[in-house]
Every structure is written in structure tokens, then in C-alpha cells.
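Trainee: Could we go through the aromatic residues of this model together?
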Amino acid sequence: MSLKQFICFGALLLAFTGWSQSIHNISGVVVDEFGKGLPQCHIHYHNQCVVTDHAGHFAVDGFAGRQLNLSFSFVGYEPKDTLVLLPLDEALYIRMEPQTHTLNEVKVSTRHSSTPNLLQEESMSKLLLMQSYAGSLVKSLEKRPGIHSMDIGTNASKPMVRGLGFSRVVVSENGIKQEGQQWGADHGLELDFFTAEQVIVAKGASSIEHGSGAMGGVISVRNGLAPNENSSNRSLTLAGRTVNGSGTASLAYQFRKTKWYWKFRGTAIKSGDYAVPADTIVYLTRQIPLYNRRVKNSAGTELNWMVQNGYLSPRLRNVLTATQVFQRSGFFPGAHGIPSLDRVADDGSRYNIAMPYQQVSHLKLVDNLAFSKRGIDYEADLGWQQNHRQEISAFHTHYPGQDVPAVDPNLELDFRLNTYSTNGKARLKFDSNYASHTVVLGMQNQLQQNSISGYNFLLPKFRMLSSGVFISDQINVSDRVTASLALRYDVSQLQVEGFFDEILYRYLEKNGNSLAESYAWRSVEVNRTMGDLSWLTGFRYAFNRNASTTINMGRSYRNPTPMELSANGIHHGSFRHEQGNPHLDSELGYYADASFQWRNERSEVEWNIYAYRFSNYIFLNPTGEWSVLPHAGQIYRYSQSGALLAGSELKVEHRFSELTGILAQAEWLFSRQLSDDPKLRYPLPFSPPMNGYGELFFEPKFSFSNIQYLKMNVNVKCVLSQNRVARNELKTPGTTLLGAGISFDVKTEGEPIRITINGSNLLNVRYLNHISFYRKLELPEPGRDVKVIVQIPL
Amino acid sequence: MKMKQINQFLWAVALVVTGSACSNDVDDVKPTINIVTPTDEQGFEPGDTIWFEATFADDVELKSYKVEIHDDFDGHEHKSSVVGAWHFDGSWDFEKVQKTASVKHGHIVIPSEVDGEPIAEGDYHFGVYCADAAGNETQSFMRIEIGEHQQEE
């Protein structure tokens with residue numbers, strides 16, 4: 001790390017202001033229209049913010065002066081402002097009234113969140129998501145510390161939490177784990193940004209809730225909030241981005257009488273080739289031109305719909321949701337095989353999607369049922385989803401005897417993954433002599449079936465059945481002390497069908513290759529049963545109202561994917577010959593973290609540190625054996641090794657005044673394979689480099705003409721270079737990026753129109769992103785982008 | 001957890017807390033390939049020997065290299081494998097432990113026939129791959145022409 005980088009980094013941290021004089025305390029309870037405590041209600045004062053606990057209680061101190069303005073806000077309720085005279089003799093009782101308007105802010109009748117634990121969370125309401133709009137759901141979460149977006153151009157992104165992505169992070173929607181082809185580097189997340197109403201990212205090893213694959217964390221997306229009684233609203237959201245000339249329209253309609261409600265949404269996005277501040281790239285020693293300074297064939301189309309039906313009664317709630325997300329996005333022709341200049345020649349259209357391209361249709365039907373009986377809350381989730389992913393590329397073969405298929409001649413790959421999920425949970429609260437307990441007992445079952453088609457073979461046919469049971473207890477000992485314990489056991493059975501490639505076998509045999517048979521087994525038959533234990537314990541101690549610390553420890557696991565066990569062949573998502581290993585064990589990781597939170601009137605500091613010790617991290621090992629397949633270098637074989645991953649996140653927010661403030665964030669990540677031989681202690685691939693983020697924000701309180709709730713910010717992101725790379729991974733130089741944003745409401749007769757304008761890479765800097773899919777091609781990241789999003793109530 | 005594992009944990013956390021960037025003693029530097037002959041777009045006739053001359057260099061130790069030649073008709077958009085398309089695949093290990101090596105040989109001979117058919121003439125990709133002892137790999141490609149350049153349909 002150079003001195004310049006250190007200063008840049010250090011400049012993002014700031015000094016705190018001093019304390020004020022005589023300190024007053026305020027406490028109270030916030031209730032909803034039924035008189036029930038309202039948890040997670042936001043309380044703003046002096047532009048600070050706290051939230052109520054699970055019973056709606058709050059307590060804050062550290063106030064000077066004679067009076068204090070408190071603002072209470074909760075999604076779906078009318079915000080409440082109270083002027084309080086200090087000192088306060090008695091506890092406050094705040095009753096919130098539900099909002100009667102605005103599609104985006106909806107009432108919550110029962111609040112069921114994921115199984116309680118003490119892991120660090122980043123949560124975003126719909127309002128905040130809209131203000132962070134960056135083109136896709138994952139990209140809009142990226143500003144938060146510990147969360148990264150692995151982008152495939154500007155149309156698709158996949159999440160990474162604390163350096164762990166692919167099959168090591170779980171995305172769930174309405175409690176059901178999203179299952180697609182997460183293992184693939186070029187496969188993005190298939191979720192509509194506009195349907196998300198709440199996103200909570202739990203950072204750290206979270207296997208308790210979802211079993212295999214949640215080592216990095218869980219991104220929980222919910223869209224089951226009910227509209228207000230006797231309401232009906234329509235809204236249209238329009239968005240556009242300059243970097244890829246994209247236009248988006250999302251139309252929503254919802255209505256509710258008393259017990260039944262319906263929600264409908266349709267979203268359409270059309271985007272063109274994205275602009276980069278470069279005319280050529282150098283790939284495999286060849287100069288590849290980027291005509292018009294655009295990445296050819298990176299255009300995309302997205303069409304989504306959602307229908308939701310809900311039933312609410314005091315004791316029972318059922319939400320049935322049907323969704324489909326369809327995404328088609330082109331691949332830069334330089335990413336498929338050896339690039340030649342004719343393939344990257346200008347095709348004259350910014351918006352056409354020519355071959356090669358991928359498309360995915362993700363269809364889901366999910367039912368969430370929640371009811372209470374005799375003091376126990378029950379939840380059941382049933383889901384079916386089908387992820388149908390195709391890659392279309394003009395028929396090509398290197399082997400004689402493979403003819404053009406009569407049907408779908410250009411369908412290179414076709415995967416159809418059906419997943420059936422059933423989850424059940426029972427939550428019980430009781431008090432013992434020393435503490436109050438919230439115990440959750442749960443069970444999850446999942447059946448996955450993958451079928452394949454297409455002229456090329458990549459992913460085998462497989463079937464996976466898994467079942468997990470868990471128990472957790474959240475123990476509130478006192479106002480200061482909370483503990484959490486959880487245990488889970490999973491059993492899974494995986495059957496992978498072998499595939500023998502006759503054409504390849506004959507070709508290699510004829511050329512006198514003695515390895516013909518082993519090469520021709522493109523997938524090896526696998527029949528495995530795996531059993532895995534996970535646990536998580538946490539402990540939170542609050543020193544006082546301002547400071548607290550939390551510690552977590554756990555054991556988490558991940559089943560090896562069919563690709564890791566069984567694959568054998570060239571994968572153009574990674575441009576090399578990858579070979580599976582049927583003897584891999586489940587990846588096992590021990591996890592620990594510690595976090596410190598401190599706040600006062602004007603400032604908030606949060607510091608997290610975490611570490612993983614994997615006993616058998618699964619990775620691709622270059623074997624030194626040359627593959628005989630065309631376009632292939634060495635064979636990479638899936639292997640296991642101990643590994644260490646550790647990191648830290650720091651967030652500091654400080655208000656200079658009611659109007660302005662600053663936010664500064666920094667993250668570090670360190671990883672390495674463990675080995676007795678120091679020459680083999682390589683870092684893990686796709687490790688995000690150290691980076692810092694600083695933001696100066698203004699919230700002028702005046703409103704002029706029809707504009708109100710004006711918020712503005714300028715921000716800078718400093719990314720350091722990443723020189724700690726795995727074998728054959730490219731090092732990436734650092735960069736500094738400038739951004740800015742503005743959001744405001746425009747008053748109308750009815751609901752306001754909400755507008756957000758976000759600009760990124762304002763200086764149009766040419767830079768590379770270490771974890772981007774196109775990094776291997778030395779393709780620069782998108783240039784200057786201005787994103788506009790307008791929400792119009794109809 | 002065993003003591004060793006706990007130590008590793010704490011060590012990693014300490015590193016992160018102090019924000020120090022650890023230096024590697026792993027080999028992550030790829031070897032370099034400098035191809036002298038053939039040259040880009042060089043033309044050959046069926047039956048010719050492609051004289052291969054190249055220098056390889058690595059900071060630690062070279063391991064082996066591979067030469068692969070296959071057709072580049074229509075930029076890889078051809079409808080089916082063209083009759084007579086030639087594919088060559090050969091790899092050689094570096095004999096002794098060395099950081100640089102100069103390779104010159106005439107082992108690559110363009111046949112006049114492939115599978116009993118005359119060799120398909122046109123553009124071919126000439127690719128060279130090199131791996132060092134640690135597994136770092138480099139690739140280099142160029143185009144050569146065999147026979148008369150033809151328009152493939």
C-alpha cells in the first residue's frame with residue numbers, strides 16, 4: 001500500500017465533535033394501531049436514528065438543551081413528530097397510524113423475519129433501495145460495507161458478501177432460497193429490483209436458516225407486505241441510465257378490501273451496449289478494438305411480472321406469490337473462444353442482441369403461511385421454482401461427426417432446474433427466572449432436479465434431495481445482555497448422471513490419444529449422501545445506551561456442487577478446462593466475528609472484524625497437465641485445501657449540523673490457502689481489494705415551489721490495487737471514482753412524485769474491477785453513468 | 001478447535017486489525033513467451049514444416065509448453081466440422097530446471113492430407129501455451145495461412 005493510498009484512505013476518516021453539557025434521557029414505547037408494540041420503528045432526533053426493540057421499546061440519552069424534536073417513522077405508517085420538553089418525567093407512549101396512501105410504503109400486519117441471531121445486518125427499506133438505484137438489486141446493495149457486486153456487463157450481477165460469492169452466499173425471497181446456477185461466473189441473480197420491499201443482508205456464516213451455501217451470508221428479500229385496508233393504488237416507475245442507454249418501466253397495481261389483497265407488477269427493461277472510456281483492449285497479446293467506445297453485444301432485455309394474493313386475519317396470514325423474471329443479455333464476442341477482429345466489428349446497432357447471448361427465465365410460485373396458536377407462532381413456506389437458462393451461440397464444433405442439430409441448431413447450452421422447497425418454523429417465547437427466551441424450531445426440505453439439452457455439454461443432469469432441522473434460542477438476559485444459540489443438522493443426497501461423449505471419444509482415439517476415454521467422460525456418475533452439522537452462538541453486551549459489542553462464533557458448511565464433483569471440459573465462463581473431483585467433502589468453515597457499535601448525538605461508529613478458517617476450501621488447482629481439448633491450456637482440477645479468510649469493516653457517520661454530514665466506510669479483506677509448503681499459500685481467487693468510501697451529504701430543510709425532502713450527496717470511492725491473487729488470476733490496479741446523487745419529492749394533489757438521480761464514475765475514469773466477469777478480458781468497467789428513477793403515483 | 005487452528009485464526013485477525021498487507025512468497029508471476037517464428041499471417045503450403053522458434057522466460061522455473069494449431073474458418077462460426085480441417089497438438093517439457101529457454105525445432109509438419117482428405121486450406125490459429133513450475137500459465141496466439149486463403153461458406 002503506497003503512501004498516497006494510505007493518505008487517501010485516512011482522509012476518509014474524521015474527527016468527532018465534543019459532547020454537550022447536561023445530559024437527559026428519554027424512554028418510551030411505540031405501538032401500532034392495535035396497541036401492539038412496533039419493533040424496528042425508526043426514531044430520528046438531531047438527525048440521529050435508533051430503532052425500537054422487539055417489543056416497541058426505546059430509550060435514548062445524551063441530550064442537552066430544554067427540548068427535543070423526535071421523529072418516528074415506520075414503513076406503512078404516518079410519520080410522527082413530537083416536541084418533547086426536557087427533562088422528561090415519564091415514559092413516552094407513541095401510537096402510530098397507518099398510512100392511507102403510497103404504493104411503496106405498505107402496512108405490515110405481522111412481522112416475521114428470519115430466525116433471530118446476532119450477526120451483523122445491513123437492512124434496506126424500499127425507500128432506501130430506490131434512492132440507491134444502480135441498475136439491479138445486487139448493484140444497489142453494493143454501497144454497504146461487506147457487500148460486493150460481481151457484474152457481467154451492466155445487465156446482470158451476482159452478490160458477494162465478505163469475499164464469498166457464487167455458491168457460498170444465499171439469496172432468499174420470502175423465505176425460499178433462490179436456486180439457479182449460482183456456481184457460474186456469468187450467471188446473474190434473477191430477481192426484479194422493483195418488487196423488493198425490504199432487503200436484509202446477514203453478514204457471516206448463516207447456515208442455521210438455509211443450510212448449505214450461506215457461509216458468506218444471506219441476502220433476504222421480502223415483498224409480502226400488505227397494502228392498507230380499503231385501499232387501491234397504482235404507480236408507474238420510470239428509470240433510465242446513460243451508460244447503456246437503458247430505459248425501464250415498472251407498473252404496479254394493488255388493492256385491498258379487508259382480509260384479501262392483490263398486488264400486480266410488470267417490469268420491462270431495455271438496455272444497449274454500454275460505454276467504456278477506451279478504444280481498444282489488449283487480450284492474449286492481440287489488440288481488440290472497441291468500436292464507438294462501447295462493448296459490443298452487451299445489450300439486454302428484461303421482462304418480469306409478479307402477482308401476489310394475500311389473506312390476513314388476526315390469527316392467520318397467507319401470501320401466495322407468483323413471479324417470473326426473464327433476462328436476455330449478450331456476451332461480448334471476445335469472451336467466447338479466441339477473439340478475432342471480425343467478431344468484434346461494429347454491427348451498427350446499439351440495442352441488438354446477437355449471438356452469443358444467454359437468457360434465463362426464472363419462474364416461481366411461493367406460498368407463505370403464518371398463524372398463531374396457543375402462544376406459538378407457526379410459519380410454513382412452500383415453493384416451486386424453475387430456472388431455465390440457455391446459451392445461444394452459432395453452432396460450432398471441432399470434432400468431425402458432430403452435425404448441426406435439426407432442432408434449435410444454435411442452442412449451445414440449456415439447463416432446466418426445478419426446485420421444490422418446503423420450510424416450517426415454530427416460534428415460542430417464554431420467560432425463565434433469569435431471562436426471556438425466544439425459541440425457534442425449524443425444518444427445511446428441498447428437492448432439485450436438473451435436466452439438460454443443447455449441442456454442447458457443460459453441466460450434468462442431477463438430482464439433489466436435502467433435509468435440515470434446526471433449533472435456536474435467543475436469550476434476553478437483561479437490557480444489557482443478549483445471547484443466541486442455534487444448532488442445525490442437514491442430510492443431503494446427490495445423484496449426478498454420467499455423460500460419455502461419443503464424438504469426442506472417437507476424435508481423440510483416432511488421433512491416438514491414450515486418455516481418450518477419460519476425456520470423453522464429460523461428467524462422472526456420482527451418488528453421495530452427505531451429513532453436516534452447523535451451529536452459531538452469539539453474545540451481545542450493551543455497555544450503555546451508546547455503546548455495545550457483539551461476538552459470534554459458528555460452524556458452517558457447503559455441499560460441493562455437481563460441477564465441483566463431476567465436471568470435465570472447457571467452461572467458457574472461466575475460459576479453461578475444469579475437472580471435477582468426486583471425492584470432495586463438504587466444505588467446512590469455522591467462523592468468528594466481533595463488532596463494536598458506538599453512537600452519540602451526532603455520530604455513529606460501527607467496526608466489525610471477522611475470520612473464517614476453512615478446513616477444506618474447494619478451489620481449482622492448475623495441474624500442469626496440458627489438456628488436449630482445443631483452446632485449452634492446463635487442466636484445472638477441483639481440490640481441497642485449508643484456507644483462512646479474514647476481514648474488517650469500519651463505518652463512521654457524523655453530522656456536522658442538521659443539514660450536513662459525512663459518511664466514511666472502509667473494508668479490508670485478507671485470504672490465503674493453508675499449506676505446510678509456503679510456496680502453496682496462495683490467496684483465494686476473487687478477493688475484493690481494500691477499499692474506502694466517503695460521502696458528504698446535505699439535507700436542506702427548506703422546500704421551494706413543489707420540491708421537498710431534498711437530499712444531495714457527493715461521494716468518492718478509493719479502491720486499492722489487488723496484488724494478492726490466486727494462480728493465473730490477474731492483478732488489478734486501484735482506482736478512485738467520483739459520484740453524486742440527489743433525491744427529492746415533487747408535491748402533487750395526491751401522492752408525491754419521487755425522483756432520484758445518481759451519478760457514478762463522473763470523471764469517466766478507465767478502470768478495472770477485480771471481481772468482474774470481464775476482468776479476464778481486460779475489459780474496462782462502464783464509464784460515466786447517470787441513473788434517473790422517477791416514481792409516479794397514478 | 002485445535003490450538004493450531006486457533007492460532008491461525010488469531011493471527012489472521014491480528015493482521016486484519018493492524019491493516020497490514022502481507023507480502024507473498026508465492027509465485028504468481030507468469031512466464032513470458034516470445035515467438036520468433038512463425039510470424040503473424042505467415043503463409044505455408046501443405047507439406048511444409050513450420051519452423052518453430054521461441055524464447056520462454058520465467059522468474060522461478062519453467063515447466064513445459066504446448067503448441068496447438070486448429071482452423072479459424074469464418075471466425076469459428078462454421079456450420080460443421082470442415083472436411084480436412086487440421087488440428088495439431090503437441091507439448092514438450094523443459095528438460096532441466098531453467099528460468100529461460102530458447103526453443104527451435106521443426107517438429108510441426110503440415111500434412112497434405114487429413115483423414116484421407118486433402119487438408120482444408122485457409123486461416124489457422126497458432127497458439128502457444130507455457131506453464132511454470134508453480135502452475136502460472138501464459139498464452140499467445142497468431143494467425144497463419146495454409147495454402148490459398150479461401151472464402152468458406
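Trainee: Is Y612(A) buried or exposed?
Mentor: Y612(A) is buried at 1% relative accessibility, where buried means under 20% relative accessible area, exposed over 50% and partly exposed in between (1.4 Å probe, protein chains only). This is a predicted model, in which local features need pLDDT of at least 70 and side-chain atom pairs count only at pLDDT 80 or more, while totals for chains, interfaces and linings use all residues. Residues are numbered from 1 along each chain as its sequence is written, chains are lettered from A in the order in which they are written, and side-chain values use heavy atoms, without hydrogens and water.

Trainee: How many aromatic pairs are there over all chains?
Mentor: The count is 32. Rings of Phe, Tyr and Trp (its six-membered ring) pair if their centres lie within 6.5 Å; planes under 30 degrees apart are stacked, over 60 edge-to-face and the rest tilted.

Trainee: Why is the pair of Y253(A) and F264(A) called stacked?
Mentor: Their ring centres are 6.2 Å apart and the planes are at 15 degrees, so the pair is stacked. Y253(A) is partly exposed at 30% relative accessible area, and F264(A) is partly exposed at 31%.

Trainee: And what does Y610(A) form with Y612(A)?
Mentor: Y610(A) and Y612(A) form an edge-to-face pair, with 6.4 Å between centres and 80 degrees between planes. Y610(A) is buried, at 3% relative accessible area.

Trainee: Changing topic, which residue lies over the face of Y636(A)?
Mentor: R576(A) does, at 4.2 Å from the ring centre. The criterion is NZ of Lys or CZ of Arg within 6 Å of the ring centre and within 35 degrees of the ring normal.
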